[in-house]
Amino acid sequence: MRRAIFPGSFDPLTNGHLDIIKRSSPLFDEIVIAVLNNADKNPMFSVEERCEMIREVLPLVETGTCRLMVDSFSGLTADFARQMKATAIVRGIRAVSDYEYELRMALMNRRLEPTIETVFLMAGEEYSYVSSTLMKQVFQLGGRVEGLIPELVEDRMRRKTENGV
Ligand code: ADP
């Protein structure tokens, strides 16, 4: 049984995240999308809302025999990976600018939990500039983000900005 975790803030889920989930699915039997409950950031969506949106979108993703699950965690990613009995941590790399931070995190996680490997997957070219932060900024200024985030996420962003829910 090859289980991986795909940790991140997912505030909110983008098509870039979904691309990494699709690309990693042939490599694992199970992938746990692990939503970080990060108290220092000022998120647009609560962890519960982020998990709910991911759960709604995942059935639309073609992943063959790989099973997808969603969970939230706080604290160290390495601890969560160990608790989940995962053998790998999946991360996406968009540009060289991601690399230095990701390398530091991967080395630290390996020191904390030597049995778990970080697996990097390169972003799809069409999503290599997509980040949750950029999507929120563009959306809040009235720009078009269709095709870059799932429709359901866009609806939730609209509701959030219009009525705060
Ligand atoms: P974090 O705050 O941990 O970086 P994110 O939700 O921003 O959380 O990202 C989670 C993971 O998804 C990271 O490995 C990030 O590099 C990857 N990722 C984010 N956007 C994209 C994208 N457009 N293409 C590929 N990978 C991405």
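Let me begin with the pairing of β1 and strand β2, residues 30–36, which run in the parallel sense over six bridges. Strands here are DSSP runs of E of at least two residues, helices are runs of H or I of at least four, and both are numbered from the N terminus. Two strands count as paired if DSSP finds at least two bridges between them. Within this pair, Phe6 stands opposite Ile33, and the bridge partner of Ala4 is Ile31.

The model is predicted, so local features need pLDDT of at least 70 and side-chain atom pairs count only at pLDDT 80 or more, whereas totals for chains, interfaces and linings use all residues. Residues are numbered from 1 along each chain as its sequence is written, and side-chain values use heavy atoms, with hydrogens and water left out.

I turn to the sheet as a whole. Five strands form an open sheet in the order β3-β2-β1-β4-β5, with parallel pairing. The edges are β3 (67–73) and β5 (117–122); each has a single partner strand, so one side of each lacks a neighbour in the sheet. From one strand to the next the twist averages 30 degrees.

How enclosed is β2 by the rest of the structure? Seven of its seven residues are buried, so β2 is largely enclosed; buried means under 20% relative accessible area, with exposed over 50% and partly exposed in between, for a 1.4 Å probe and protein chains only. In a regular strand the side chains alternate between the two faces of the sheet. In β2, Glu30, Val32, Ala34 and Leu36 are buried on one side, and Ile31, Ile33 and Val35 are buried on the other.

Next, the cysteines. With a disulfide defined as a pair of cysteine sulfur atoms within 2.5 Å, the count is zero.

Finally, the largest pocket. Its lining comprises 42 residues, with Pro7, Gly8, Ser9, Lys41 and Arg91 nearest the centre. Elements that each supply at least two lining residues include β1 (3–8), α1 (15–24) and β4 (88–93). The most comes from α4, with eight residues.

Technical notes:
On a 1 Å grid over the protein atoms alone, a cavity is a set of points where a 1.4 Å probe fits but cannot get out, and a pocket is an open set with protein on both sides within 12 Å along at least five of seven lines; lining residues have an atom within 4 Å of a point. Axes are lines fitted to C-alpha atoms, for helices over the stretch in contact, and angles run from 0 to 180 degrees between N-to-C directions.
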